[in-house]
Amino acid sequence: MIYIADSSLFIIGKRIEGNIITVPSVGEELRDETSRTTMELMNVRIEPPLKSFIREVTLKAGLTKDSEELSKTDIDILAKALEYSRKEDVVLISDDYAVQNTAIHLGIKVMPAGQKKIRDVLLWEKFCFGCKRRFPQGDECPVCGTALKKIRKKNRN
Ligand SMILES: [Zn+2]
């Protein structure tokens, strides 16, 4: 089994059997000694993401409205996972909900490093802090006129 891992795995220090791959930006993100040592001990292969897959991930992330939540590192790791998912059985390890959500939309299997796995695909909705109503879309509350804020839909656990 091939695992594509973001920084969550190395920060939590979970032991995994199999081939672990990550991207250079994840390595750069790990600032503390313990996470870096964990990454070395796990014999992680570091591969840069391919441009064509970065483009595909960016397009798909736009569709699920997760793009504002995704960092460059998130997009890199998703691009790497997408590349491998086309040729092998691959699992993406991440505790980031936006990364998990986008991965599910891309048809990539997801596993958390520490947190519980999201059951359903998360999608966004709009919330009015004025009257506490929820709306599927819009910028302004049609009831009280307050500016709507984008929130994650609650997943049913
Ligand atoms: Zn309102």
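**Strand pairing and its surroundings**

Tutor: Happy to! Strand β6 (residues 124-127) pairs with strand β8 (residues 149-152) in the antiparallel sense, over four bridges. Strands here are DSSP runs of E with at least two residues, helices are runs of H or I with at least four, and both are numbered from the N terminus; two strands pair if DSSP finds at least two bridges between them. Residues are numbered from 1 along each chain as its sequence is written. Keep in mind that this is a predicted model, in which local features need pLDDT of at least 70, side-chain atom pairs count only at pLDDT 80 or more, and totals for chains, interfaces and linings use all residues.

Within that pairing, W124 stands opposite R152 in β8. β6 also runs antiparallel to strand β7 (residues 134-135), joined by two bridges, and here K126 faces F135 in β7. Six residues lie between β6 and β7 in their hairpin, and K132 in the turn has a positive phi of about 60°.

Now for the other strands. Five of them form an open, parallel sheet in the order β3-β2-β1-β4-β5. Its edges are β3 (45-46) and β5 (109-111), each pairing on one side only. β5 runs parallel to β4 (residues 90-93), with three bridges between them, and V91 stands opposite K109 in β5. Helix α5 packs on this sheet, touching β1 (2-5), β2 (19-22) and β4, and its direction makes about 165° with that of β1. Touching means that C-beta atoms, placed from the backbone, lie within 7 Å; axes are lines fitted to C-alpha atoms, for helices over the stretch in contact, with angles from 0 to 180 degrees between N-to-C directions.

α5 (residues 72-85) has a helix partner too: α6 (residues 97-105) packs against it at about 30°, with the axes 11 Å apart. α5 is therefore roughly parallel to α6, a label for angles under 35 degrees. Their contact brings D74, I77, L78 and A81 of α5 together with A98, V99, T102 and A103 of α6.

To place all this in the whole chain, there are six helices and eight strands, following the pattern β-α-β-α-α-β-α-α-β-α-β-β-β-β. The chain is divided into domain 1 (2-111) and domain 2 (123-157), with bounds from an automatic or database domain assignment. Taken over C-alpha atoms, the two domain centres are 30 Å apart.

Key: Angles under 35 degrees count as roughly parallel, over 145 as roughly antiparallel, 65 to 115 as roughly perpendicular and the rest as oblique. Two residues are in contact if their C-beta atoms, placed from the backbone, lie within 7 Å.
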